[in-house]
Each structure stands twice: as C-alpha cells, then as structure tokens.
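Please keep the sequence and the coordinates at hand while reading.

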Amino acid sequence: STGSASDTADSADSKDDYDYYLCLPTLDSSSTMTVDDPDNHDAAWHQRSRTTRQLQHLFELDLYLSSVPQLAASTRQLLQSSSSSTNSTANNHHNNSNNHKVITSSNSGRLINVLQGEMAHCTPSQADVLVSDDATTCHILGLWSHLGLDYSSSTARRDQMQQQHNGGDGKLATVAHIDSPDYEDCIRDAVDLHYRYHSSQLSSSSSSSSKQQQHQTRLNGDDSTIILPVIKLSIHLMGGYNDNDGTSHEITQGVLRALSNISDGYINRQQHHHHQPRLQMILQTCAVSSSNDNGSGCPIGRGLALDVSSGKVYLAEVGEDDVESSSSSSSLLLDNSTTVVTTSTSAKGPDCLLRQARLWASFIFNNGENDSNDDDSKRRLQIIHHPNDEYMYISPFYFASHPFPHRMLALNDALLLQYTSSSPEVEKDNFVRCVRETFRYMNGTSCFHVFKKKKVNEDDDGEKDVGLDDWWDDEDYSPRRYRRVGLNGWAAVA
C-alpha cells in the first residue's frame with residue numbers, strides 16, 4: 001500500500017496531535033496472476049483480466065473506506081442527510097438527485113459554478129458557495145483550509161489565537177471537476193496554493209515580531225509549551241459509481257494516489273523544516289465507487305456544493321429560478337470611468353457554452369496541428385477564479401467549425417448520447433440538449449472572434465493586420481474576464 005500522512009475524519013479537530021495514515025489499497029497484478037505470454041491471448045482474455053483486476057482493486061478500496069468509522073460516517077451523512085433539502089428534484093434512474101439541493105441564482109448567495117475540467121479558488125469575501133454538478137464517472141474534489149494551532153493548551157487561549165489568524169479571509173476554498181486520473185500536478189498546485197496562502201498570512205501577522213519569534217508563541221505562565229501553527233486542509237471527494245468499464249474507479253485511484261503522494265511530500269518537507277507551519281491533510285468525505293452507487297449502477301451524488309465560510313459540503317444541483325437566466329444593461333465602474341456593460345445573471349456562471357466548448361475542442365483539435373494542444377495542455381484543469389482576484393477567467397483555446405460537430409448534430413438523440421457520453425446509461429435528461437447547444441455554438445463562431453489578440457502586427461504601410469488567419473497560439477490571446485455584478489450577475493470586461 002501507499003503510505004500517506006493525510007488525516008481522516010473530523011475528529012482531528014479535537015486531536016490536533018493525532019495523525020491517521022491514509023494507506024491507499026493498491027494491487028500488484030503480478031503477485032496474483034501469472035502471464036506466460038500475453039501476446040498469445042485474445043482480446044477477450046485481456047478484457048477479462050482487466051475486469052478481474054478492477055474488481056479486486058474496487059473490493060480493497062471499498063473495504064478500506066468502510067473500515068475507517070469517521071470517514072464512513074461522514075460519507076453516509078453527505079449522501080443521506082441532504083435528502084431533507086428543500087427545492088429538490090424528482091428521482092428516477094437517470095437523475096438520482098432527490099437528495100440534491102437545487103441551487104439557483106437567488107437562493108444560495110454569491111455562487112461560483114465549476115464545470116467539467118475546471119477548478120476555482122475563492123475566499124469568503126469573494127463568494128458564498130462553490131459548486132459543481134453533472135458528474136457521473138467524473139469526480140468533484142473540494143478543499144477547504146484554515147489555520148489551527150499545534151499545541152495542548154486551554155480552549156480560551158486556543159480560540160483567541162485562532163480568531164486572530166482566521167478572521168476575515170483566513171479561509172480558502174477550492175472545487176475542481178475532475179474527468180481524468182492524470183491531474184496530480186493540478187491537485188498538487190491547489191494544495192500548494194492553500195499552504196502558501198496561509199503561510200503568507202502568518203508572515204504578514206508576524207512582521208512586527210522578531211525573526212526568532214515568528215510562527216512561535218509561548219503560553220503565558222508555561223514557557224515549556226511552544227505553539228506552532230498548523231494549516232488544516234479538509235478534503236472532500238465525491239463522484240463515480242460502479243460503471244461497467246471501470247472509468248470511475250480509475251479516476252478514484254488517480255485522485256487518491258495524488259493526494260497520498262502530495263501528503264508524503266509535505267511530511268518529508270516538514271521533517272526538515274520544523275519551524276514552518278505544518279500542513280494537516282484531513283480526508284473528511286470520500287463518496288466514491290460503491291459508496292456512491294445506488295445499487296443499480298447509477299451514481300447517488302452528482303453534484304457537490306462547498307460553503308466557503310464554514311467548509312460544510314452538501315449534495316447540490318445547479319438550476320435556474322422560475323424566471324430563466326436573463327441579460328440586462330448596467331453601469332460598471334472600470335478604471336475610474338463608468339461603462340455600460342451587458343450583464344448576464346445565471347447560477348451557471350458566464351459563457352457556459354464557451355466553457356463547455358473547450359472539452360470538445362480538446363478532443364476534436366488535439367491532432368498535433370496546434371501549438372496550444374501539446375501534451376501538457378491536455379491534462380491541465382482550467383483555473384477560472386483565483387483568491388484575492390475580482391475576476392472570473394476563461395483562458396483562450398483554439399476552436400472553429402469542424403465536420404465532427406456537423407456529423408454529430410445530424411444524429412438522432414439516442415445515437416448522439418452513445419457517441420458523446422462516457423456513461424450514456426445514467427446521463428441526465430438534458431445531456432443531449434446541452435451537447436447540441438455546444439456543437440451549434442462551435443459551428444457558429446471561432447476562437448478568433450471570441451478572444452482578443454494581445455499584439456497587433458503592422459505591415460510596412462502602417463496598416464494593422466488583425467491576423468485572423470494566423471497560426472493560433474494561446475499565448476498570443478488574452479483570456480476573457482468577467483466581473484461580478486450584484487449577487488450573481490457577470491459582466492464581460494476588456
């Protein structure tokens with residue numbers, strides 16, 4: 001098994017000095033199965049062997065998750081207690097979401113909706129809820145961090161010091177919608193961001209102290225006790241089910257292995273830097289594989305919401321109010337001047353069709369013809385919101401009209417579902433409609449008309465060449481930016 005220093009369960013709040021080691025079950029297929037000459041076996045044999053290994057992995061993972069009482073309890077609470085939420089949708093085989101709270105633009109405060117392949121970070125001053133939904137084989141990862149104290153002392157003194165460091169924006173939240181097991185670097189970057197964020201706050205609050213006293217506080221009347229700050233990172237993972245081809249389980253293993261490796265790295269680092277803040281990674285919720293399957297081959301949890309201030313999570317579905325999303329004109333102060341902009345109000349966030357088009361563009365145009373589509377860009381989650389930044393971003397990417405969307409649009413709904421989903425048997429009823437809307441959008445415009453070029457070339461006569469036929473490079477174009485207007489309105493700004 002792979003050792004990790006991730007803590008489990010919320011009991012860590014009462015036992016700050018206790019680390020539970022998360023040992024992820026892994027199976028070495030060579031120890032359980034002998035293959036003399038794989039080339040001599042047919043495709044059916046290889047498929048049976050792969051299925052057998054997946055079932056063994058799944059069994060060990062389920063056994064482990066059920067063996068940690070706190071983790072099992074928090075997972076049950078997530079999947080069951082949300083059923084009492086108001087504004088819930090009806091339950092059927094394709095939309096098993098009667099226990100999901102429907103989040104709209106008016107009922108849950110300031111929202112940031114994270115689509116597939118995206119990640120967002122924010123503080124309580126920027127948003128109230130981070131949410132992502134429509135996950136079947138995909139997984140939704142939530143991270144929430146705050147500053148604690150690594151010492152044994154009175155509750156009053158402890159509360160006093162925690163309040164000093166956790167007031168205002170002393171909390172950081174992250175949600176990612178993960179569709180591949182290969183995002184370890186992205187997850188590592190997110191964990192590092194949480195660590196740097198709180199470390200910088202500690203440095204700022206300690207700037208008036210001497211170098212020797214930074215990050216250390218001795219209790220009054222007890223000079224033998226040294227208080228070191230600990231950055232507590234709560235981890236919530238939800239998604240996947242017992243799908244036939246094992247896609248869900250591969251993503252589950254990829255994410256858990258990434259978290260294990262990241263935790264190991266921080267443990268090794270902290271062994272050599274004793275006076276730096278310690279990172280305590282707490283796996284609080286893990287609703288994956290069998291625990292997220294309703295017993296009929298359908299996921300229970302499809303969407304996850306994270307309360308940015310409290311760190312609480314609950315099942316959620318992003319919907320709209322009775323009055324559909326609307327656009328209006330409003331005045332916005334930009335660069336000390338008032339500008340009239342078009343504001344779009346929706347719980348789903350700005351320009352959803354453009355954001356969804358990125359997924360299909362990466363599939364259609366990843367053929368080596370564009371510099372922007374190299375191996376590194378394939379496995380990067382798109383960061384749409386940063387802490388201490390007022391804008392939401394859509395990074396530039398290449399797309400244009402292509403025969404593939406045209407061919408897909410010509411199919412009937414049943415065939416389109418089979419061709420475009422990794423889990424067609426459990427998709428929601430609106431899946432095909434959303435795919436058609438995205439394909440129509442891609443056929444109706446291109447990246448050259450959506451993203452602005454950073455530099456404009458001039459020819460010998462001084463005429464500006466907008467270069468619509470230039471070779472596309474992401475670095476040459478600026479991301480689209482949106483500023484929040486009111487509760488959940490978003491205005492595109494230059």
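## Overall figures

A residue is called buried when its relative accessible area is under 20%, exposed when it is over 50%, and partly exposed in between, using a 1.4 Å probe and protein chains only. By that criterion, buried residues make up 48% of the 494 residues in the protein. The model is predicted, so local features need a pLDDT of at least 70 and side-chain atom pairs count only at pLDDT 80 or more, whereas totals for chains, interfaces and linings use all residues. Residues are numbered from 1 along each chain as its sequence is written, and side-chain values use heavy atoms, with hydrogens and water left out.

The protein has 12 helices and 20 strands, where helices (H or I, at least four residues) and strands (E, at least two) are DSSP runs numbered from the N terminus. Taking a contact as heavy atoms within 4.5 Å, 75% of the contacts between residues at least 6 apart in sequence join residues at least 24 apart.

## Cysteines

With a disulfide defined as a pair of cysteine sulfur atoms within 2.5 Å, the structure holds 0 disulfides. Cys138 is buried at a relative accessible area of 6%, and Cys447 is buried at 0%.

Arg355 belongs to helix α7, which covers residues 352-364, and is buried, with a relative accessibility of 4%. Beyond its neighbours within four places in sequence, Arg355 has contacts that include Asn113, Val114, Leu115, Glu118, Ile384, Met392 and Ile394.

Gln126 sits in the loop between β4 (118-122) and β5 (129-132) and is likewise buried, at 12% relative accessibility. A polar atom of the Gln126 side chain lies 3.1 Å from the backbone oxygen of His386. Not counting residues up to four places away in sequence, Gln126 also touches, among others, Arg110, His121, Asp389 and Arg484.

## Helices α7 and α11

Two packed helices are described by the angle between their axes and the distance between the axes. The axes, which are lines fitted to C-alpha atoms over the stretch in contact, with angles from 0 to 180 degrees between N-to-C directions, come within 9 Å for α7 and α11 (residues 431-444) and cross at roughly 80°. That makes α7 roughly perpendicular to α11, a label given to angles of 65 to 115 degrees, while those under 35 count as roughly parallel, over 145 as roughly antiparallel and the rest as oblique.

Residues of α7 including Leu353, Trp360 and Ile364 meet residues of α11 that include Val435, Phe439 and Met442.

Technical notes
Polar contact = N/O pair within 3.5 Å; in protein donor to acceptor, adjacent residues only side chain to side chain.
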